[in-house]
There are 2 protein chains.
Amino acid sequence: MTNIRVAIIGWGNVGRYCKYVIENTIDMELAGVIRRETSLKNFDEELNGVNVASDISELSDVDVAIVCVPSRVAGDKVAQILKKGISTIDSFDIHSEIIETKKRLDKIAKQNKAVSILGAGWDPGSDSVIRCLMKMVNPHALASTTFGGSKGGRSMGHTVAVKSISGVKDAVALTLPNGAGQQKRLVYLELEKGADFNNIAEQIRQDDYFKSDPTDVIAVKDVAQYDTLNHGVEIEQRSEDVFQKYKLEGINPLMTANVLISAARAAYRATEQGQYGAYTIIERPLVDFIPGSLEDQLKEY
Amino acid sequence: MTNIRVAIIGWGNVGRYCKYVIENTIDMELAGVIRRETSLKNFDEELNGVNVASDISELSDVDVAIVCVPSRVAGDKVAQILKKGISTIDSFDIHSEIIETKKRLDKIAKQNKAVSILGAGWDPGSDSVIRCLMKMVNPHALASTTFGGSKGGRSMGHTVAVKSISGVKDAVALTLPNGAGQQKRLVYLELEKGADFNNIAEQIRQDDYFKSDPTDVIAVKDVAQYDTLNHGVEIEQRSEDVFQKYKLEGINPLMTANVLISAARAAYRATEQGQYGAYTIIERPLVDFIPGSLEDQLKEY
């Protein structure tokens, strides 16, 4: 059996963890890493021996590209790669835009005989599978999702959104559980000289990522002190007759990378079957996300 | 949109709950109930107004049959119904025979343009989805499954297995958590006159359902006092970097019926797409198990 050749697009937290996961995955190999800036001054020891390029066309025989760039630019990047006939995975996390984005990518994927699995992080992503499963086991109760884990955690999507605001030097956005499926956001900011704190705090609160949750914004001297890579979630569904609860905690970009890489396998298998198009995880058979044969999985079914 | 017409095969605990679930399900209707014995002396008020027959050929336009008979006879019953071109669902729970049974049913289903989803209770079934999902989120840790819920629960498969032993008048088999993915079994027995307790206890301990767990067998005067419809499970997966836990507790036959009925929908949708054959839940897209359109699901993805 030949390995699935995977390229990583973007070299942030998620990209780095994807490299680690691919290197520890039995049926995959790293085709290369795409960075915006490949000059020597950005040399990174972790990339020793890795094909680094600024465009995916420079890599050979890529089966699947994992797009690890901020959600707001992920859709365009995915479209670009699909047009080259290369399948893609992303962890696009803007829930309200998933239907629209999927429609657009589905067309491009079909035209170019490729597969795109989108929203394939842990939320949306594996948590969406849990919410679907809970409905299967108990169809009439509502599941509530509470982010933050027992100690609160760092939201990558929210952090990236804040960092992109002009006048912000560095930032970390934490998510804290707030009871009954609610959460609050806590943003620590380092400002550029002369930046207007009140104006930036208002921009954050108005941002789609934040506007539905209570959000505290605090200016600090050194964001690093408040940072963490951990995150978590609790999904609970309760009725008179059936109770279900799922809990996840761990290193945020590692959990994201694990789901992305599992989805890369599912995309590869879908292309082998000629099932081109754009999908979310709940539209693909779960067994396709796991290495090994169906029989292996059924042994522990 | 026309409703999915569902027949229930077998009128035990699971069959009864299936009727309740179908009546509360938006896209389904009950085509009828199949019982071995349909004479008046078995009249059951719950069946008022329901088509009751002793063979599925007597019912009209059945899309999917839910086979609610003991696992050890379920395979043959399913095969019989598939041969009539009717799709089937069962909650066959003998983990070690799933691969073999699936192979056999797959052939029959394809020949007769039908779909069979097997092992579609909560374990195997929805728990298998959880175990698969946990691997997706954290591929290198092992999940441990502990049955019994916080107070121990009644295992239907185990109870039926004990009841089928000659000399047993009534029985209930409870499953109790025993730590670290282990469980013990507790069997309460009412014996027929003259039955040999030691011999029966030994038969139970040698049975495939019991032989890998510590099993206490206790003779009592009235099994009903020890009975419960509740059951539960905890599935936990733990590594240094990621922790996951899923907990389910509730009315055992209701949880089973909910999954069975969800699977009936998935089977119906698979036949509409011409994807005939025998499947486990992890081989079908999860969204097919949920009522409503894909767009509805993606809105809460």
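Predicted model: local features only at pLDDT ≥ 70, side-chain atom pairs only at ≥ 80, totals over all residues.
Salt bridges were counted over all chains, and the total came to 44. One of them joins Arg185(A) to Asp213(A). The closest N and O atoms of this pair are 2.8 Å apart. Arg185(A) sits in strand E10 of chain A, which spans residues 183-191. Asp213(A) belongs to the loop between helix H6 (197-206) and strand E11 (215-219) of chain A.

A salt bridge in chain B pairs Asp227(B) with Arg154(B). Here the closest N and O atoms lie 2.7 Å apart. The pair links distant parts of the chain, 73 residues apart. Asp227(B) is in the loop between strand E11 (215-219) and strand E12 (230-238) of chain B. Arg154(B) is in strand E8, residues 153-154 of chain B. The two partners fall into separate accessibility classes. Asp227(B) has a relative accessible area of 34% and is partly exposed. Arg154(B) has a relative accessibility of 7%; it is buried because the cut-off for that class is under 20%.

Lys245(B) and Glu236(B) also form a salt bridge, with an N to O distance of 3.6 Å. Lys245(B) is partly exposed, at 25% relative accessibility. Glu236(B) is partly exposed too, with a relative accessible area of 21%. In chain A, salt bridges form a network. Its members are Glu234(A), Glu236(A), Arg238(A) and Lys245(A).

Attention now turns to a leucine of chain B. Leu248(B) is placed in strand E13, which covers residues 242-251 of chain B. Its relative accessibility is 0%, so Leu248(B) counts as buried. Leu248(B) and Glu234(B) are 14 residues apart in sequence. In space, their C-alpha atoms are 6.6 Å apart.

The contacts of Leu248(B) involve both chains, leaving aside residues up to four places away in sequence. From chain A, Leu248(B) touches Val137(A), Val242(A), Phe243(A) and Gln244(A). From chain B, it touches Trp122(B), Asp127(B), His231(B), Gly232(B), Val233(B) and Met255(B).

Technical notes:
Residues numbered from 1 in each chain as written. Chains lettered and ligands numbered in written order. Heavy atoms only, no water. Salt bridge = Lys/Arg side-chain N within 4 Å of Asp/Glu carboxyl O. Helix = DSSP H or I, 4+ residues; strand = E, 2+ residues; numbered from the N terminus. Buried < 20%, exposed > 50% of the residue type's maximum accessible area, 1.4 Å probe, protein only. Contact = heavy atoms within 4.5 Å.
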